[in-house]
Amino acid sequence: MAVEMGSGHPVIVTESLTKVFGKRTVVDRIDLSVSPGEVFGFLGPNGAGKTTTIRMLTTVIPPTSGNAWVNGHSIREDPLSVRKSFAVIPQGHVIELHLDVYQNIRLYLMFHGYSAKEAARRTDEAIERFGLHSLRHHRADQLSGGQIRRVQVARALFVEKPILFLDEPTTGLDPLVKKETWERIRQIRDSGTTIFLTTQSMEEAEALCTSVALIFNGKIVVQKSVEELKRLVGVTRVEIGVRELPGEEIPFVLGDWRGLPGVLAASMNASTLTAVVEGSEPPVAAMIAAVYRHGGSITAVNIERPTLEQVYLRIIKGEWKEVK
Ligand SMILES: Nc1ncnc2c1ncn2[C@@H]1O[C@H](COP(=O)(O)OP(=O)(O)OP(=O)(O)O)[C@@H](O)[C@H]1O
Ligand SMILES: [Mg+2]
């Protein structure tokens, strides 16, 4: 079943969802909305409240106030139906230490409702895909931290449910397994599953996410599609190599550039003109035209578009605030 991104009712909704531990409000009245088929990145610094939110959404801990609906079911009123709607990779290592790798995966799949036969088939596939063959009869208590994580990731990615919660799934995985995990996450997304992902890796968020929310000190700072966020918060750097541009014309070219929409700064160094432009769509054609107009020609054009990392850092450092 393929689900068009952004269509239909949201699959996860939170309404003023709040968690207080003792006197500390760790998740503070958050409102989130995740559409079907999205890979939703829930990003924020250490201690921001991401895992606490996932634990509430997966009914491990109850909210202090507010509510959330997962696949249409309230986490307060119908936690059993919520639990049937998702698979999860939690942040901590949860695994049966006295069982071997094969048994751990197969039991987990049976626990999630697969028949013994189907669970065995999926276990074989998970073992194959995640390079666990040589470890299949090793007891979990003999595995390294990264190997345990690999088992956890492999088994959860072979459960098909409407929603998949992933709390820093690739932390501790080696680069090859990390790429395999990304591949599998994309495959799951393409089959229509909605994915709620936390990660500290902006590379991972960039590779997978269609929209993101930023949480900071328990509060949502922004929630938008990745495209929109780059357009609103991002900064693009344009470098244009020039030749035959008469020295006295340089200030005029720079002046023309500074008058173009979104241009924040413009400068010339050796034979390269550089501009820093708001958003992700710089007026490159007009910039090139200005060079020709003043007698120069172009040797190279280099455009560095905004990344999610740049956008994230700008927001966290307070260099951008949403105007409401
Ligand atoms: N059971 C608990 N009792 C008291 N405080 C808690 C409990 N669980 C979490 N906290 C506190 O809540 C805050 C948010 O923790 P949480 O695990 O949600 O952060 P996080 O955003 O997932 O961070 P990280 O990126 O480090 O995983 C932290 O300050 C943490 O110390
Ligand atoms: Mg966490």
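**Exercise 1. Which residues in α3 meet which residues in α4?**

Before you start: this is a predicted model, where local features need pLDDT of at least 70, side-chain atom pairs count only at pLDDT 80 or more, and totals for chains, interfaces and linings use all residues. Residues are numbered from 1 along each chain as its sequence is written, while chains are lettered from A and ligands numbered from 1 in the order in which they are written.

Step 1. Find the helices, which are DSSP runs of H or I with at least four residues, numbered from the N terminus. Helix α3 covers residues 101-111 and helix α4 residues 116-129.

Step 2. List the contacts (C-beta atoms, placed from the backbone, within 7 Å). On the α3 side you'll find Tyr102, Ile105, Arg106, Leu109 and Met110; their partners in α4 are Ala116, Ala119, Ala120, Arg122, Thr123, Ala126 and Ile127.

Step 3. Sort them by type. Ala, Val, Leu, Ile, Met, Phe, Trp, Tyr, Cys and Pro count as nonpolar, Asp, Glu, Lys and Arg as charged, and the others, Gly among them, as polar. That contact has nine nonpolar residues, one polar and two charged.

**Exercise 2. Work out how α3 and α4 are packed.**

Step 1. Axes are lines fitted to C-alpha atoms, for helices over the stretch in contact, and angles run from 0 to 180 degrees between N-to-C directions. Here the axes are 9 Å apart, at an angle of about 130°.

Step 2. So α3 is oblique to α4. (Under 35 degrees is roughly parallel, over 145 roughly antiparallel, 65 to 115 roughly perpendicular, and the rest oblique.)

Step 3. The crossing is right-handed. (That's the near helix turned clockwise from the far one by less than a right angle; anticlockwise is left-handed.)

**Exercise 3. Now try α8 and α11.**

Step 1. For α8 (residues 226-233) and α11 (residues 308-316), the axes come within 10 Å and cross at roughly 60°.

Step 2. That makes α8 oblique to α11, with a left-handed crossing.

Step 3. Val226, Leu229, Lys230 and Val233 in α8 meet Leu308, Val311, Arg314 and Ile315 in α11. The tally is six nonpolar, no polar and two charged.

**Exercise 4. Describe what surrounds ligand 1.**

Step 1. Take residues whose C-beta atom, placed from the backbone, lies within 6 Å of the ligand. Among them are Phe21, Val26, Lys50, Thr51, Thr52 and Gln91.

Step 2. Helix α1 (residues 50-57) gives the most to this shell, with three residues.

Step 3. The shell splits into three nonpolar, seven polar and one charged.

Notes: Helices (H or I, at least four residues) and strands (E, at least two) are DSSP runs, numbered from the N terminus. Two residues are in contact if their C-beta atoms, placed from the backbone, lie within 7 Å.
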